[in-house]
Structure formats: structure tokens, C-alpha cells
Amino acid sequence: MSVSIRWALVRCCGAAAIVVAAAGAGSTGIFAQAKPSVPAQKLDADYTAKIKAATADPRILTELVDHMPASDKVPSPLKFFGYIPGEPGHMTYYKDIARYLDALDKASERATMFKIGVSDEGRDMYAMAIADEATVKQLDKYRQITAELTDPRKLTEAQAKQLIATGKPIYFASGSIHSPETGSPEMLMELAYRLAVEESPFIQTIRNNVIFVFTPASEVDGREKQVDNFIAQQKGQPAPSMVYWGKYVQHDNNRDGIGVGLRLTQVMLKTFLDWHPTVWHDLHESVTLLYTSTGTGPYNSVVDPIQINEWWLLAQTEIMEMTKRGVPGVWTYNYYDGWVPNYMFWIGVTHNSIGRFYETQSFGGAANRPLPVQQSREWYRPNPTPPDMQWGPRNNVNMQQSALLIALNTVAKNKETFLENYYIKNKHTVERGKTRAPYAYVIPAKQRRPVEAAELMNLIRREGAEVHTANAAFTIGTTDVAPGDYIVRMDQPYNAIVETLLGVQFYAPENPRPYDDTGWAIPLVRNLKTSRVEDKSIFDKPMTLATADFRITGAIAGSGRILIVDHTTDNTLVTFRFQNAGVKMSAAEKEFDAAGHHFAPGAFVITDGNRAALEQSITDLGLSAWAVDAAPNVPMHDLDVPRVGYVHTWTSTQDEGWVRLAFDNFKVPYSYFAAPKLREGNLRAKYDVIIFPHAGQGGSALITGGVQGNEPRPYKKSELTPNVGAIDSTDDMRGSIGIEGLMELYKFVEQGGVLITEGATSTVFPEYNLTPAITLETPDNLYVRGSVLKTMLGDKNSPVLYGYDQNAMAVYFNQAPVMRVGGGGGFAGGRGGTGANVPPVGNLTPNAAPPNLTTLDGAPAAAATGGRGGRGGGAGRGAAPAPTAPAEGAAAEQTAAAGGRGGGRGGGRGGFGGGSADVNPPRVLLSFPTNPSDLLLSGLLIGADSLAGRAVLIDAPIGKGHVVMFASRPFWRWQTQGNFFLGFNTILNWNDLDAGRSTPKPVGTGAQKP
């Protein structure tokens, strides 16, 4: 019989005390939350009163959190700070939370604090473990037990049972990866105190049977900036804004689970592997009132079926127990999907822990407030939020803490079940690797990009997975394996992360609308060769397990006075150039043979280099060079070291941060400045190259938008805001680029500068009719949500393509922009279509459809179904449609009229008074295949005919300079390293982008000025 419980506050000897009143006896349900009565424990009356006073709505106050025990030796948050977590008007810096946890550690034998790493901006990152005293003294023992349960290959069943019986689940919670989601750090420090001092049976069950580990804020740098903003607002000063969270990205810090490029992710991954937690729980805030994660599906195929059951078991238990306590608005299912493994909580999922998350109504912090909502009752939300709900920061703390305590208690009461599940999930994973293809992946060690191949293997090793190397040559299926080649076997506990990093993905169009990316195909976007092995005899081949990271050691062969460095598009080559900026280097414009080696166009030729000075750099960066007696007899141009300007906006640094991360990692120097400064002009005197990454919006919205307001909006370090202004600062963020700034950019290019744009920023020049013959399209029936698509290399004589020795390559593409070279129309020359259609939910078994993917080597076996195209665009203002010169390297499809495929906007020489066709057409360097069935390499694509033949990378000449425009995102989320050198080539060859052009070097202005 289930038991209902209630907490009552009584007075005993003049002090408040907790007692439990039990109704009924015993329980037959293993997940029941009831407990018998216990002796009273002294309460902290002031703390308890403040909890009740701060709670905006009593419906969000359970018996689990409506009180606070007193302690004579352990400081409470109230005693330490003078306020309780969730008290309106207060928010706590991370550094002060760390001080409190340190005090808690010193005062309690049930808690221990430890450093887990250092953030991108140099702040220490901490975690705390809480359990009973005996367990805390033996944490290493329990960590070892979970580590041993991770690898069933080394255990007998009897050994596993013994470990399960003696071990304890480790429940790891992480707070505030998203800096504006501010409640979890406050809640976690109160929860730590509660778990350390409370003596109720409910808490004792947790403390005696679970090891609770948490980090109060995984985004340490952003937390401090967020509190700066909060304090400024509390003081009546302008808040500097959260344009920066961490050093590099904002919300995308929770999209780094695949690339693992940010220090935050690296530290949390290492911490996970140090603890092997049973549950890995990320705390978020965004929805009403509490979402506990399961997902709509499709669930990624790497997820073990038991994990799916555990998601639902914990979520439904939380919903049921919160509902029993009268708490409304707790729900599951209809929020995210369960597909893409790039979130931080998926570190747990791909390593057979229970990866999960909450989304709680926001903390706010400043004051209590009404929360008028109209929330429907659905099967996944049986007790919706009432419309008269009052909300405030303490509600957030109550809600998160109550649900988390219920989850902890559930795991504690069933500790052997969850430890057994963890062991079995790992066992299942090994068995799947032995019995289902693929059985392994083979990655040639001596392929064209050896440094990148080694880095991918190191990433797999950093994920805790195993990498072997072949001891001898052999053939498996159609794959020839050479000694030293990398072999990643699937008969290992972490093969889910292996499949994530080495496999391809197909998101059936009939599935629900995806929450984030649908394809990633890491070897493809890193431009690496891998082979999927479907013959299980691979397990019997001679190989050795790697015990250390791989390092490619570069070398110089020969003894001549001239050095030739092979251009393989390994990204360390750009590092080499800037490390040796004072050394004269040239690029070969044609392929050639020397010293028994074939060099592709782009090879670095150093005629007067000091070998002794360069050899260490070549060795460290893994480059291959040859010392010869004579320079190659091919055209060459100097690799002039450029002055690079880097533009960001004050409204979004979300996307440009990934580009900046790549530049910093490969040591490309740049001058970083805000977009409104473009209006100051004189750009060509300062810079040779300007990069303007994707900024969230493009076209006229980017040019006319910006920070608004009647008062100055400073973003700089001050006494009130000591944590902002480290990356860039200003006395006033207000202002737009404006037509003046746009024209200064245009003038910069016209005078010989190179502008690099990607994504939305690539729409600006075409929309304002500043690039000849380029139109933008908005097709009716196109839907491509973060997929990997195939592109064809166009004009291979272009320096932008140096080092790429293939005919096709993979790019990341996300819906827009769709660019066409050729066709008429002037400014605002029509925008065909009405936007993307959302994928329909066609049936209940969408994943029964077989994958329909192409490959880089050829067209797919089956044709994809394309959607209908959009309406054609009309002529722009002030211009009649006029023939335009075909683009160099363009497919015929691109230069033909494309009626029925979505209309264009911009393009031609019309608009702003009209004009004629440009005699120096753009060079199309990458374009989508003309066959719609030959586009999708990984992910989701509907309406492929709207992309067929369209340009992806364009070099558009204007005057003496160039605009190099990417429709793709070459620096996407530290995943697309194989695309990086398209940008790096542009930078290195900035002064010679016309090399190899079959038409005369342009001298005209390219377009009329507005």
C-alpha cells in the first residue's frame, strides 16, 4: 500500500523541529517515496521563515524544501551570505559560491570540494561530493567500483554482482551551463547544505546510498558576467548585456559535445571519466514550469534501450511525486527530440550513464511576479500550470530542488537496480559491437591530412574509447590496411561515442521537427578517409592498443637550399605561416614534381629560408617538407602576410565565437572590433583582409540593426561590472553599420582588400546589389536542418582551393542562404517562396524508411524525393532583367534561368540606378551537385531540387579586391576542420586570389554605389 506523508513543524523546548507523520504502514512499491516518523531535528527558524516568505506561490513549496535544519558547526547559506538562495534581489557570484562550498567542506565530514579544471578565461572550476561520512572517506573506492562496472570485458558475472552489491550510484548534477539560467547555482549550494545536515529518513536514504556530486556552474566565466549584469540592474545602472558568456560562445556552449573544442566541455568530459557517474544531470531554465527530459524522438540509434526506459522511469516518477504534492506544471516528452548528441548531458548518454536534463521556469532574481499562462492538459502534462500562478526566484529553487531530491531518493532506494543497469548497458554495447556491423572503423594514418586524422583519434581517446594501430598489412573486405593505420573497434563499452564520431546519420523526413542539427558525419566534414568494416574477422587481425595520444612528427627530407612544404590542408600549415611571418614564402600556382614527390597547387616554396630556424616548427606542426636544389618551374606568387580585421556585432557573438576559436587555436592573428566601427572608414589603410562571420541575421537587418536606446550602453570593466570587457569593450554599444559602414566595406574591397563572409553575412552584398550576378533565393519547399551536404569543387586553379585534391567535399549547411550565380534582377529583385515547410509527421514508424544518402565518391543508389520549387523572382527597381556573364567554374545549372526553384533577390547590376553585366564574373569554387539525389551525405534534406546546382562558395571580384562568400558554415562548432583551410587559403593568398583566373584581372568597380 502506498504511503502519503506530510511534514509538520512543531515546537519542542522552544525551538522549531521536524517530525514526520505517517499515514498507513509500509510500501510494496520499490519507487515509493514514503518514510516512517523520526525523532525531531532542530530547525533554523529564520531560514525556514525566509523560505516561506520568499516563495511566491505556496503550490511550489513541498515538504522537502519548506524548512531548513539548523547546525551548530556547519554554516548555512543564510549564515554565510546573509540571504537565502532564491531570496528576491540576490544573486551570487561563482567565486562566492566556491567560498561557501569551501567553508561547507571544512565544517562537514559529509562534503568534500575539489578543483576540476580551469575555464577559458582562467577561472578555477570546482565540484563537490556529498555522502555519509564513511563514504566520503572512501570516495576513491566507489569511483573504482563504477569504473570497473564500465568494462564488462574484464569481469565475471560473479565479480559484477559483488561490485553492484557493494557499490553506490554516483549522481552528478551540473548547474548553469547557460549563463542567463541563473537559479541552479543558488539551488545547488542550498541542496549541499541540506544533504550535509538534515537527518530526515528521506535525506538519510540519499546520503547513505548515493554519492551526490555537483558543479554549481559549468560556465564559470559567464556566471560572473551574468551576476555583473544583475548587480548593475539592481543598482539602477545600465546592464552591460550578455553579448558574451564564455570567452567564445553563448548558448552554443551546450552544443560542443561532438567537437569538444571549448575548455568547459573538455573539463566536464574529463570529470565525467574520472567519476563514471550513474546519472549525469544538466540543469536548465526556459519553460513553464518544469520539464524533465525524455524527448519526442527520434531517439538516436546509439542510445541503449535500457537508457530510454530509465529516462521515462525517472521523469514519470518526478511527475507523479510532484503531482502528489500538489505541484502543477511538471511534464515531459514534448520539448526536444533525443537525436543530436551535441549537448553536454549527452556525454552521459554516449557513455552509458543516464544523461538527462531539467528545464525550469526562469529564476529571474529581481522580484516575484505574476506568471499568467494558458497551459493545456496533455497526456504528457497531466497537471498543467494554472493561469493564476505567481512566480519568483525562490519558486525556481523550490521546484528544482524538490524534483532533484525525488530523483536522488529514487536512485538511492534502488541503487542496485541502477548500478546493474549501468553494467548491463555497457555489456550490451560490447555485445552489439561483436554481433552487428560495423565491427570497426579503419582510418589510414598516412592519408593526405595525417595531423587531422591523428587529432580525430585523440578526440576518440579523450572520450575514453579505445584506438588500436595495425601491426601489419592486411586486407579486410575491400579495405587495405597498412601498418600503423588506426583501427577503432566496436566491441568496447564506449562504442556509442565511436559511432557518433565516425558514423553517418539519416534523419527520416517523416520524423517530428528536429530540435537541432540532424547530421554531423565528422570524418566527412573533417575531410578524412575512413572505412566501415563489416567483417568481424577484423577482431582477429594483429593490432596494438594505443596507450598515449598520437602525435605526427613533421620532417624535412633532402639537403637542398630551397624548402618546399606540401600543402595538404592540415590546419597547422596556417600556423606555420604566421609563426614565421618574417620569412619570405611563395605559393606554387600549379602542380609539379620534385624530389620524387608530387606537389599539388599551393605548396609553400621557401627560397631563402633558414632550415635550422624552420625545422623545429615543421617538426612540431607535423608538416612534410623537402629540401631541393632548385625552385619548381611553375608560376608562383608571394604569400604576403596580411593584416586581418575581424568584425563582430554587439547583439550576437554566438556564431562568430566558433570562428575565433579556430583562429586562436591555429594562431591566426587578427584585430577584433565591433561592426559600428566600420563607419569610421579608412579600412584599407588598416587591414588587408576583413572577416565578418555569421551574425545571426543578414541583409538589411544586419546593416540597419544594432543595440538601441536613448542612453549610452557601455560594455566595459568597472567597479560595478568587474568581469565584462575582457574580449572587447566600448563606452557605447549603440549604433548600426548603416549604409555608411556598408559603403566603407565596399570601398575597402574596391581598393584591394578581401572580405570573407559566411552564412547570413554573405547575404549583405547581394541584397544591396554590390556583387555582380549573384542572387539570393528563398525556396518554398526547402527544409535542411543542420545537415552535411555534398559540394563539387569548381575552379581548382583558385588559390582558395589550394591543397584540396578531390572533386567533391562535405560542408555543413543549415537552410540558408541559397545563392545562385547568373540571372537578372536588381536590388530587391523578388524573393520567391514563402519559407521552409516543416517536415510532416507522416506515420508512427518513420524510422522504418531506409537511409537515402549519397557519398562523396558517387551518386546514391536510390533517388531522393524532391519538393516543388518556389516562384521566380521579378526584376528589381531601376533595372530591367539583363543577361549576365557566366561565372567561372559554375555548373550550367547555375547560369541558366531557374524558374520554379524560388526567386532571387539582389544580383545583377541593377538597383541603385541600374547597370550592365560585369565582365569579370564571380568564380564559383564550390557548388551543390546538379542531381538533387546526390546532395545529402548526413542528416535531413527536403526539397533538394531547390539547392541543386546552387553556389556554396563564391569569389566575387570588386575593383581590385574580392568578396569571398560562404553559403555554408566552414567553422561550425569545432566540427568542420576539413573546411577551415578554405578560409585560411583565402587569408594566406589574399593578394593573389586572381591567380589561375582565365579572364583578365578585374579592374572595374563591380557595381554602382548606393
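This dialogue walks through a few features of the predicted model above.

Visitor: What kind of model is this, and how are residues numbered?
Guide: It is a predicted model, where local features need pLDDT of at least 70, side-chain atom pairs count only at pLDDT 80 or more, and totals for chains, interfaces and linings use all residues. Residues are numbered from 1 along each chain as its sequence is written, and side-chain values use heavy atoms, with hydrogens and water left out.

Visitor: How many helices and strands does the chain have?
Guide: Helices (H or I, at least four residues) and strands (E, at least two) are DSSP runs, numbered from the N terminus. Here the chain has 26 helices and 41 strands.

Visitor: What share of the residues is buried?
Guide: Buried means under 20% relative accessible area, exposed over 50%, and partly exposed in between (1.4 Å probe, protein chains only). Of the 1010 residues in this chain, 64% are buried. The accessible surface, from the Shrake-Rupley method with a 1.4 Å probe, is about 34,300 Å². Carbon and sulfur atoms hold 50% of that surface.

Visitor: What share of the contacts links residues 24 or more positions apart?
Guide: A contact means heavy atoms within 4.5 Å. Among contacts in the chain with a separation of 6 or more, 81% join residues 24 or more positions apart.

Visitor: Which residues does Q401 touch?
Guide: Leaving out residues up to four places away in sequence, Q401 touches V65, M187, E190, L191, R194 and R394. With R194 there is also a polar contact, side chain to side chain, at 2.8 Å. A polar contact is a pair of N or O atoms within 3.5 Å; within protein, one must be able to donate a hydrogen and the other to accept it, and residues adjacent in sequence count only if both atoms are side-chain atoms.

Visitor: At what angle do α7 and α13 cross?
Guide: Axes are lines fitted to C-alpha atoms, for helices over the stretch in contact, and angles run from 0 to 180 degrees between N-to-C directions. Helix α7 (residues 183-197) and α13 cross at roughly 50 degrees, and their axes come within 9 Å. α7 is therefore oblique to α13. Angles under 35 degrees count as roughly parallel, over 145 as roughly antiparallel, 65 to 115 as roughly perpendicular and the rest as oblique. The residues in contact include M187, E190, L191 and R194 of α7, and Q401 of α13.

Visitor: How do α3 and α9 pack?
Guide: Helix α3 (residues 94-107) and helix α9 (residues 220-234) pack at about 110 degrees, with axes 8 Å apart. So α3 is roughly perpendicular to α9. Y94, K95 and I97 of α3 meet V220, R223 and E224 of α9.

Visitor: What about the backbone? Which peptide bonds are cis?
Guide: Most residues other than glycine have a negative phi, and most peptide bonds are trans. The bond from G297 to P298 is cis, with omega near 5 degrees. P298 is in the loop between β9 (290-292) and α11 (305-324). A cis bond also joins A437 and P438, with omega about 0 degrees.

Visitor: Where is V260, and what is its phi?
Guide: V260 lies in the loop between α9 and α10 (263-275). V260 is not a glycine, yet has a positive phi of about 50 degrees. V260 is buried, at 10% relative accessible area.
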